[in-house]
Amino acid sequence: MERINRIKEILVIKNISQKELAVKLGRSANTIASICNNKAQPHLKDLKRIAQILDVDIRELLVPTKS
């Protein structure tokens with residue numbers, strides 16, 4: 001499985017649970033778990049909202065494609 005997002009890492013850094021994010025985003029806990037495990041990817045609008053909730057730049061949620 002290719003790692004595309006860093007949402008799980010950012011949640012740990014920010015000390016926010018997946019369940020808390022699910023409630024704030026209005027999505028199910030299973031959806032957030034799938035996103036955090038890179039089994040699914042969020043819609044861009046959800047990605048933007050996640051960045052706002054976590055108070056990070058949207059680019060921090062993604063794995064860089066260039067070094």
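Is Asn38 buried or exposed? Select Asn38 to start: this residue is buried, with a relative accessible area of 9%, where buried means under 20% relative accessible area, exposed over 50%, and partly exposed in between (1.4 Å probe, protein chains only). Asn38 sits in the loop between α3 and α4. Its phi is near 60 degrees, a positive value in a residue other than glycine.

**Before going on**

The model is predicted, so local features need pLDDT of at least 70 and side-chain atom pairs count only at pLDDT 80 or more, while totals for chains, interfaces and linings use all residues. Residues are numbered from 1 along each chain as its sequence is written, and side-chain values use heavy atoms, with hydrogens and water left out.

Colour the chain by pLDDT, the predictor's confidence in each residue, from 0 to 100. The mean for the chain is 95, and 99% of its residues reach 70 or more. Confidence is lowest in helix α1 (residues 7-14), at a mean of 96, and highest in α2, at 98. Helices here are DSSP runs (H or I, at least four residues), as are strands (E, at least two), numbered from the N terminus.

**Stop 1: α2 against α3**

Show α2 (residues 18-25) together with α3 (29-36). Two packed helices are described by the angle between their axes and the distance between the axes. Axes are lines fitted to C-alpha atoms, for helices over the stretch in contact, and angles run from 0 to 180 degrees between N-to-C directions. The axes of α2 and α3 come within 8 Å and cross at roughly 115 degrees. This crossing is right-handed; the term applies if the near helix is turned clockwise from the far one by less than a right angle, and left-handed if anticlockwise.

Now select the residues in contact, meaning heavy atoms within 4.5 Å. From α2, pick Gln18, Leu21, Ala22 and Leu25; they meet Ala29, Ile32, Ala33 and Cys36 in α3. By class, this contact has seven nonpolar residues, one polar and no charged ones. Ala, Val, Leu, Ile, Met, Phe, Trp, Tyr, Cys and Pro count as nonpolar, Asp, Glu, Lys and Arg as charged, and the others, Gly among them, as polar.

**Stop 2: α2 against α4**

The α2 and α4 crossing is right-handed. On the α2 side select Leu21, Lys24 and Leu25, which meet Asp46, Arg49, Ile50 and Ile53 in α4. The residues of this contact divide into four nonpolar, three charged and no polar.

**Stop 3: the largest nonpolar core**

A nonpolar core is a set of buried Ala, Val, Leu, Ile, Met, Phe, Trp, Tyr and Cys residues joined through side-chain atoms within 4.5 Å. The largest one has 17 residues, and Ile7, Leu11, Leu21, Ile32, Ile50, Leu54 and Leu61 touch the most other members. Two or more residues come from each of α1, α2, α3 and α4, and α4 gives the most, with five.

Centre on Leu11, in helix α1. Leu11 counts as buried because its relative accessibility is 3%. Leaving aside residues up to four places away in sequence, Leu11 touches Ile16, Ser17, Gln18, Leu21, Cys36 and Leu54.

Move to Leu54, which lies in helix α4 and is buried, with a relative accessible area of 2%. Leu54 and Leu11 are 43 residues apart in sequence and 7.6 Å apart in space, C-alpha to C-alpha. With residues up to four places away not counted, the partners of Leu54 are Ile10, Leu11, Lys14, Ile16 and Leu61.

**Stop 4**

Return to helix α1 and select Ile13. Ile13 is exposed, with a relative accessible area of 61%. Draw a distance from Ile13 to His43: the C-alpha atoms, 30 residues apart along the chain, are separated by 23 Å.

End at Asp55, in the segment after α4. Asp55 is exposed, with a relative accessible area of 63%. Asp55 has a positive phi of about 55 degrees although it is not a glycine.
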